[in-house]
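Here is a guided walk through one structure, taken a step at a time.

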Amino acid sequence: QVQLVESGGGLVQAGESLRLSCLASGSIFRINAMAWYRQAPGKQRELVAKSGDSTNYADFAKGRFTISRDNAKNTVYLQMNSLKPEDTAVYYCNADMKRTYSSYYNTYWGQGTQVTVSS
């Protein structure tokens, strides 16, 4: 079984920082891209940042958020600085992983971690 587990969410004030972590565990042969998404109440899930062959950020994340990976630990991080109330959402980790050499890549999701930014 393969799973992604996020941590690091919480309640902060506007202007403060948070660092989210996502650990991939289980029977994993290789991880390709890893990403962070978020979903605010009443809104669709949206991409925050992605780390694969290249690194991409949503416009709202550029200059404030940084995605990084520790491949040895199968972990992806999201450093979020200068947080705003509109960043309030559930943040989800996403990864494309294959369990064996011959298997295909499948996309996995974590359960999400709540980030709340007060004004």
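## A walk through the strands

Let us begin with Ser82, whose place is in the loop between β8 and β9; strands here are DSSP runs (E, at least two residues), numbered from the N terminus. Before going further, please note that this is a predicted model, in which local features need pLDDT of at least 70, side-chain atom pairs count only at pLDDT 80 or more, and totals for chains, interfaces and linings use all residues. Residues are numbered from 1 along each chain as its sequence is written, and side-chain values use heavy atoms, with hydrogens and water left out.

Back at Ser82, phi is near 50°, a positive value in a residue other than glycine. Ser82 has a relative accessible area of 42%, so Ser82 is partly exposed; on this scale buried means under 20% relative accessible area, exposed over 50%, and partly exposed in between (1.4 Å probe, protein chains only). Asn74 also has a phi near 50°, again a positive value in a residue other than glycine. Look for Asn74 in the loop between β7 and β8. Asn74 counts as partly exposed because its relative accessibility is 25%.

Now step from the loops into a sheet. Four strands form an open sheet in the order β1-β3-β8-β7, with antiparallel pairing; two strands pair if DSSP finds at least two bridges between them. At the edges are β1 (2-7) and β7 (65-70), each of which pairs on one side only. From one strand to the next, the twist averages 15°, where axes are lines fitted to C-alpha atoms and angles run from 0 to 180 degrees between N-to-C directions. Inside this sheet, strand β3 (residues 18-26) and β8 run antiparallel and are joined by six bridges. Leu20 stands opposite Leu78 in β8.

One is Ser21, found in strand β3. Ser21 counts as buried because its relative accessibility is 19%. Leaving aside neighbours within four places in sequence, Ser21 is in contact with Val5, Glu6, Ser7, Trp36, Val76 and Tyr77, contact meaning heavy atoms within 4.5 Å.

The other is Gln79, in strand β8 (residues 75-80). Is Gln79 buried or partly exposed? Its relative accessible area is 27%, so Gln79 is partly exposed. Not counting residues up to four places away in sequence, Gln79 touches Ser17, Leu18, Arg19, Arg64, Phe65 and Thr66. The C-alpha atoms of Gln79 and Leu20 are separated by 6.4 Å, although these residues are 59 residues apart along the chain. The side chains of Gln79 and Asn81 are joined by a polar contact of 2.9 Å (a pair of N or O atoms within 3.5 Å; within protein, one must be able to donate a hydrogen and the other to accept it, and residues adjacent in sequence count only if both atoms are side-chain atoms).

Next, find strand β11 (residues 113-118), where the side chains alternate. Which strands pair with β11? Strand β2 (residues 10-13) pairs with β11 in the parallel sense over four bridges, and Val12 has Val117 as its bridge partner in β11. Strand β9 (residues 89-98) runs antiparallel to β11, joined to β11 by three bridges. Here the bridge partner of Val90 in β11 is Gln114.

Let us finish with the rings. There are three aromatic pairs, counted where rings of Phe, Tyr and Trp (its six-membered ring) have centres within 6.5 Å; planes under 30 degrees apart count as stacked, over 60 as edge-to-face and the rest as tilted. Phe60 and Phe65 form an edge-to-face pair, 6.5 Å centre to centre with 80° between the planes. Phe65 is buried because its relative accessible area is 3%, whereas Phe60, at 24%, is partly exposed. Arg38 lies over the face of Phe60, at 3.7 Å from the ring centre; a charge sits over a ring if NZ of Lys or CZ of Arg is within 6 Å of the ring centre and within 35 degrees of the ring normal. Arg45 lies over the face of Trp109, at 4.7 Å from the ring centre.
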